[in-house]
Amino acid sequence: MIEPGQTIGILGGGQLGRMTALAALALGYRCHIFSPDKDGPAKQVTPLATDADYDDKAALAKFAAAVDVITFEFENVPADTAEYLAALKPLRPGASALRIAQDRIKEKDFLRSIGVATAPYRAVGSEEALRRAMDEIGPRGVLKTVRMGYDGKGQMAMRAEMDMAAAWQSFGSTDGILEGFVEFACEVSVIVARGENGKIATYTPVENQHVNHILDTTIAPARVSPEVSMRAEAIAHHIAEKLEIIGLLAVEMFVTHEGEVLVNELAPRPHNSGHWTIDACYTNQFEQLVRAICGLPLGSPAHHSDAVMKNLIGTDIAKWREAANDPLQKIHLYGKENAAPGRKMGHVTKLTPRR
Ligand code: AMP
């Protein structure tokens, strides 16, 4: 067990690292943040920091020597970096979960191999392959980059009547995946924590609404039938077990009008759709991550309040003032200076206590 007083190393200096560090500090751990930026959200809350690039082996070795366990706040940790660190200190979740979550094709192949449904998909590396894939799984699709896509970056909506040559050219990557377009009734996500002893704690499924491909609102619990909710939880539980996650796994899913649940994406880390747990659950996702990677028993994921979480994106950060007038809204700001469009600056969570 990693005991309070010992040091957790976190790769990544954004808001997820900040909120993980805050939860770890509350439990008496120290946190050391490794990221290229000097004054990111995470580095503002703990004095232990390394400012270096993720491929700087000398800096990684020093960091590993200074910490007792390592986790990350983003899944695009370079594979070499993950393997290098994992050889020096426990890396949780491990390099294999990262490998799968970083690659949309590996991810979907893995999901299918364990009996989990996804949208139909094809790897597309050329214009010819794109035409073939559209014939097979069109007439509507979403063309995505296999790696490094997030918040809708590297994505293109496709229709059969489009000029495929122009579409392929503007996509600009040769490493693509075409997914069949899912006419979903809603999007949900489930966050699961899995401890060192294999015990699992599952948060209630929540409903996610996106604006411009960025998460805008999370409604907890999701407004779906008890059957859909149970199926979504069971799927997330199954994936966490098969991946042997130690830490957190967020599973994003589509719910179709027929009540089918299709997995869209996996993230082996804290997730924006879990921010509501900070104020509405007995144990929030960040504390749960700390407990899992340190070998502590997991806490209760049950919620004492229903919640609606709204992201404050770009200049929306000014809305914190309005939220402050409502005693049941909790405000979280990430300490970022530049409110650029699309940038996640904070979030507010409106609580409705359960009776
Ligand atoms: P992703 O980066 O895969 O999480 O996609 C971002 C958002 O784009 C999702 O949350 C959906 O709203 C939408 N989207 C992605 N893939 C599909 C799909 N195959 N069918 C319909 N909508 C999609």
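Modeller: Domain bounds come from an automatic or database domain assignment. The model is predicted, so local features need pLDDT of at least 70 and side-chain atom pairs pLDDT 80 or more, while totals for chains, interfaces and linings use all residues. Residues are numbered from 1 along each chain as its sequence is written, and side-chain values use heavy atoms, without hydrogens and water.

Colleague: How far apart do the C-alpha centres of domain 1 and domain 2 lie?

Modeller: The protein chain is divided into domain 1 (7-91), domain 2 (120-180) and domain 3 (184-353). Between the C-alpha centres of domain 1 and domain 2, the distance is 35 Å.

Colleague: Which strands stand at the edges of the open sheet of four strands?

Modeller: Strands are DSSP runs of E, at least two residues, and helices runs of H or I, at least four, numbered from the N terminus. Two strands pair if DSSP finds at least two bridges between them. The order is β5-β8-β6-β7, with antiparallel pairing. Two strands have a single partner each, so one side of each is left without a neighbour in the sheet: β5 (121-124) and β7 (155-159).

Colleague: What is the average twist from one strand to the next?

Modeller: Axes are lines fitted to C-alpha atoms, for helices over the stretch in contact (heavy atoms within 4.5 Å). Angles run from 0 to 180 degrees between N-to-C directions. The twist averages 25 degrees.

Colleague: In β3, which residue is the bridge partner of S35?

Modeller: Strand β2 (residues 30-35) runs parallel to β3 (residues 48-51), joined by four bridges. The partner of S35 in β3 is D51.

Note on methods: Buried means under 20% relative accessible area, exposed over 50%, partly exposed in between (1.4 Å probe, protein chains only).
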